[in-house]
Amino acid sequence: MPRVYIKTFGCQMNEYDSGKMRALLGKDGFETTEELSDADVVLVNTCSIREKPEAKLHSFIGRVLPMKRQRRVIVGIAGCMAQVDGERLYKKYPKVDLVFGPDAVSRIGEMVATAQTRRVLDTEFLGEEGYPFPSDVDPESAHRVGAFVTIQKGCDNRCTFCIVPATRGDEVSRPIAEVLAEVSALVAQGVKEITLIGQNVNSYGLKIPNHPTFADLLRAVSAVPGVEMIRFTTSHPRDLGDDVIACYRDLPNLASHLHLPVQSGSDRVLRRMKRFYTRAHYLDVIRKLREARPDFVATTDIISGFPGESEADFDETMSLLEAVRFHASFSFNYSPRPGTAALRLLDDAVPDSVAQARLERFQARQREIAIEEHARLVGTVQRVLVEGPSAHDDGVVCGRTSTFKTVNFPGEAALTGSWVNVRITRGFANTLRGEAE
Ligand code: SAH
Ligand code: SF4
Ligand code: F3S
């Protein structure tokens, strides 16, 4: 059997797309390999959200291309960098056989076949009408407790810092029947936890009259027999309506956690980012979520050093962290992206050292808050969905609470996929330790 090796950078969308490529190539007789040296086809699924993830492509390709001197191997660059920079990559790496964007994933089989005889560059955006969401399920999900299910592709927002609209195209909602069919197929394979993914899941269906909304979709997925936990990502604070908040009151298998990227605590910066919500609105959404679900936990994304951000603006981000007490966050320095509107603001660029100092201030306080929140859980009993043996410790298993806490505790691998009541004995910055009751 021919073998394919897939390297994935970037977010859940890319992980999901890589799974679809595994599934589609599987139908053509490929098996996946974890060994680069075994592969007949090597695909790298790229990310261009910031400059740093982009650098990873070049170092990976630098390792792979020399393999071609020894044997025949097809090398492909997929994903967001390929979409926005395909032509340049195609020219820069004449030994690369395939360059294609996210919209071409459904055609991976034909592209790999064509690449046997000639090079392929495919960065066409497909229209919204009849957008082909592949329905084949990633073969690896059979071994997993949780799986992603895409509900939407692309993004119609234009946050001024963000390259995603250029890499993923316009927003298209996946038909609800297809989403439910994929959820059922995953549950039949033993998956217990479903994470619905999209760039702005709250706008699901809104472009089409009488289409089910995201809240309708949540209720429908929640009712699929065998779905024990539902998560979703990513939400935009402007579009998260009371109908979705009501789901936190009504749906017991909806997780007590939401990742709600705020980016900044300053209204002035939020305006310049074109996020179209205010700090007060964000705080109001968090308050309502807590009313609906008393143990609700929020996590977020922060950008430090957006052009024009003053020390006072960043103090607002720090005070938002105190007001919400996020349990975790992804925080990065602003990275200018080609073609984005924020490039016009670069006259006001924040010096790197200033951005970095702000970032470190934020991360240090975030870490303290996480440790404080986790210390409060010591002595409590948490329900944990076991995901499998710990990667680091023999005889220890690892799982997650509804609130998205990673919990490690002594236990057998056979517990994978079951719920265990765990008494928490220690809290760390990112994980909890405990003992089964
Ligand atoms: N659709 C999601 C975000 C997707 S990008 C949303 O709207 O919330 C994931 C995160 O990357 C963003 O939340 C943002 O914090 C970060 N990000 C995006 N572009 C960036 C840039 N140019 N520089 C630094 N961080 C960026
Ligand atoms: Fe980017 Fe904004 Fe769309 Fe998120 S909502 S993907 S940050 S443009
Ligand atoms: Fe990166 Fe594309 Fe995701 S740019 S963050 S892989 S949508």
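**Entry 1. Charges over rings**

R119 lies over the face of Y90, and I read 3.8 Å from the ring centre. I then turned to W419. The charged end of R383 is placed over the ring of W419, 4.1 Å from its centre. I note here that I am working with a predicted model, and each value below is computed from it.

**Entry 2. Domains**

I looked up how the protein chain is divided. Domain 1 covers 3–122, domain 2 covers 129–255, domain 3 covers 263–376 and domain 4 covers 381–436. I also took down one distance: the centres of domain 1 and domain 4, taken over C-alpha atoms, are separated by 35 Å.

**Entry 3. Aromatic pairs**

How many aromatic pairs does the count come to? I wrote down 9 aromatic pairs, counting rings whose centres lie within 6.5 Å. The rings of Y131 and F133 have their centres 4.9 Å apart and their planes at 70°, so I list this pair as edge-to-face. The cut-off behind that label is an angle over 60 degrees. I checked burial as well: Y131 is buried, and F133 is buried too.

F306 and Y334 make another edge-to-face pair, at 5.4 Å centre to centre with 75° between the planes. This pair links distant parts of the chain, with its two members 28 residues apart. F306 is in the loop between β13 (297–304) and α11 (311–324), while Y334 is in the loop between β14 (328–333) and α12 (352–375). I found both F306 and Y334 buried.

I also noted one aromatic cluster, formed by F214, F232, Y248 and F296.

**Entry 4. Two ligand shells**

Which residues surround ligand 3? My list reads G10, C11, N14, C47, S48, I49, C80, R168 and Q199. Sorted by class, the shell around ligand 3 holds 4 nonpolar, 4 polar and 1 charged residues.

Ligand 2 is surrounded by C155, N157, C159, F161, C162, V164, P165, Q199, H236 and R275. Q199 is in the list for ligand 3 and in the list for ligand 2.

**Entry 5. The loop between β10 and α7**

N200 is in the loop between β10 (193–197) and α7 (214–222). Is N200 buried or exposed? Its relative accessible area is 2%, so N200 is buried. Leaving aside neighbours within four places in sequence, I found N200 in contact with Q152, N157, E171, T234, H236, R238 and D239. Among these contacts, N157 and H236 are also in the list around ligand 2.

N210 is in the loop between β10 and α7 as well. N210 is exposed, with a relative accessible area of 83%. I found H211 in this loop too. At 19% relative accessibility, H211 counts as buried because the cut-off is under 20%. Setting aside neighbours within four places in sequence, H211 is in contact with Y204 and G205.

**Entry 6. Backbone angles**

I next checked the backbone. Most residues other than glycine have a negative phi, and most peptide bonds are trans. I wrote down the following cases with that in mind.

Phi of N210 is near 60°, a positive value in a residue other than glycine. R325 also has a positive phi, near 55°. R325 has its place in the loop between α11 and β14. With a relative accessible area of 24%, R325 is partly exposed.

Which peptide bond is cis? The bond from T233 to T234 is cis, with omega near 5°. T234 is found in the loop between β11 (229–233) and α8 (242–250).

**Entry 7. P338**

My last entry concerns P338, which is in the loop between β14 and α12. Y334 is in that loop too. P338 is exposed, with a relative accessible area of 54%. Not counting residues up to four places away in sequence, P338 touches I163 and L343. I looked up how far I163 is from P338: they are 175 residues apart along the chain, and their C-alpha atoms are separated by 7.5 Å.

Terms used: Residues are numbered from 1 along each chain as its sequence is written. Chains are lettered from A and ligands numbered from 1 in the order in which they are written. This is a predicted model: local features need pLDDT of at least 70, side-chain atom pairs count only at pLDDT 80 or more; totals for chains, interfaces and linings use all residues. Side-chain values use heavy atoms; hydrogens and water are left out. Rings of Phe, Tyr and Trp (its six-membered ring) pair if their centres lie within 6.5 Å; planes under 30 degrees apart count as stacked, over 60 as edge-to-face and the rest as tilted. Buried means under 20% relative accessible area, exposed over 50%, partly exposed in between (1.4 Å probe, protein chains only). Helices (H or I, at least four residues) and strands (E, at least two) are DSSP runs, numbered from the N terminus. A charge sits over a ring if NZ of Lys or CZ of Arg is within 6 Å of the ring centre and within 35 degrees of the ring normal. A residue is near a molecule or strand if one of its heavy atoms lies within 4 Å of it. Ala, Val, Leu, Ile, Met, Phe, Trp, Tyr, Cys and Pro count as nonpolar, Asp, Glu, Lys and Arg as charged, and the others, Gly among them, as polar. Domain bounds come from an automatic or database domain assignment. Contact means heavy atoms within 4.5 Å.
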